[in-house]
Amino acid sequence: MNEGGQQDLFGSAAPDAVEATAHPALGPLAARLPGALRMGTSSWSFPGWQGLVWARRHRETDLARHGLAAYARHPLLRAVGVDRAFYAPLRTAEWREFAAATPADFRYLVKAHAALTIPPGARRPEFLARAPLAFLDADYALRHVVEPAVEGLGDRLGVLLLQFSPLPAALLREPRRVIERLHAFLEQMPRGVQFAIEWRDAAMLGADYESMLEATGAVHGYSAHPRMPRLAQQLSRPGRGPCVVRWLLERGQLYEEARSRYAPFDRLVDPDPETRGEIASVVWQALQNGDEGLVIINNKAEGSAPLSVELLAREFAARLVQ
């Protein structure tokens, strides 16, 4: 289940307007950051963000339907991750609603439907019970994922993310086979659409993977996640293209444990300056090379994604004066 209830994004008439919290001190901070750096959160419909993003408390379903425009008025939130698309593909009209709610320089990280990244023989989650078997199926991807997002979001589409859940042991014994199939899939995707690849298995990293990225123009999706090595260890050399980072879960915790520990996501419970510094270093290097940076933070990283974004922004601002 996605953490923001985004399945209710489009519904009946709006309730009282969702107003953004005023952040006069954050405007000057945002103005100091490079324009090529965009940060945001995984989803947005959290009532506990009252005072952080929302001026007053709203129901989760109302925020899912009507909160995105207010979210985008936060000075530091110039991107968002759409987790909802992982569970079921969205239609072009739905993506157009997203685009209309945000300014032209806003960017979306779109998670591709999970049917594309779960191989035959792997355990399929319940939400895929009626979905087709479509592991790295280019035709399915084009019709149900790529074309609707491109047509609906236009220039606001930042990255299409292929998130691979832990792979079966048989595939991990021959990672090159998976990489070759992924290579063939990406070669069939339209040029100009930026893909990022995110793993949950360190065995998929290495020279073959990096060569595939270089050949296809896809980028690595850095994931700060307990199953993966530290960010600096995920690639042997930085690639070209946008630097995509998702800060997902504190090391040593499980997802549901973190949800219970951190809800309602209104404060930092477990500050993690080490991971924050790693993210800043990886993205800063990309910015120095003339590439863009796209950072998406989950509430499960430290307890409150908007507050994590603010601290990371201050980390970047400090590097500007060094």
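Two strands pair if DSSP finds at least two bridges between them. Strands themselves are DSSP runs of E, at least two residues long, and helices are runs of H or I, at least four long; both are numbered from the N terminus. This is a predicted model: local features need pLDDT of at least 70, side-chain atom pairs count only at pLDDT 80 or more, and totals for chains, interfaces and linings use all residues. Residues are numbered from 1 along each chain as its sequence is written, and side-chain values use heavy atoms, with hydrogens and water left out.

**Stop 1**

Select residues 77-82. S1 and S2 run parallel, joined by four bridges. Click Met39: its bridge partner in S2 is Leu77. Which residue of S3 is the bridge partner of Val80? Look at Tyr108.

**Stop 2: two cavities**

Rolling a probe the size of a water molecule over the atoms shows where empty space is left. A cavity is a set of points, on a 1 Å grid over the protein atoms alone, where a 1.4 Å probe fits but cannot get out; lining residues have an atom within 4 Å of a point. Points are joined across faces, edges and corners, and a volume is the space filled by probe spheres set on them. The structure holds two cavities of 30 Å³ or more.

Select Val110, Lys111, His144 and Val145, which are among its lining residues. S3 and helix H6 (138-153) each supply at least two residues of this lining.

Next, the largest cavity, with about 60 Å³. Its lining includes Trp247, Arg251 and Asp272.

**Stop 3: helix H9**

Select residues 207-216. In this helix, Tyr209, Glu210, Met212, Leu213 and Thr216 are buried. They lie on the same side of H9, because they cover an arc of only 155° around the axis (taken from the directions from the axis to the C-beta atoms). Turn to the face away from that buried side: Ala207 and Glu214 are exposed there. What do the buried residues of H9 pack against? Show helix H8 (175-187), strand S5 (195-198) and strand S6 (219-224); contact means heavy atoms within 4.5 Å. End at Gly217, which follows H9 and has a positive phi, near 85°.

Terms used
On a 1 Å grid over the protein atoms alone, a cavity is a set of points where a 1.4 Å probe fits but cannot get out, and a pocket is an open set with protein on both sides within 12 Å along at least five of seven lines; lining residues have an atom within 4 Å of a point. Buried means under 20% relative accessible area, exposed over 50%, partly exposed in between (1.4 Å probe, protein chains only).
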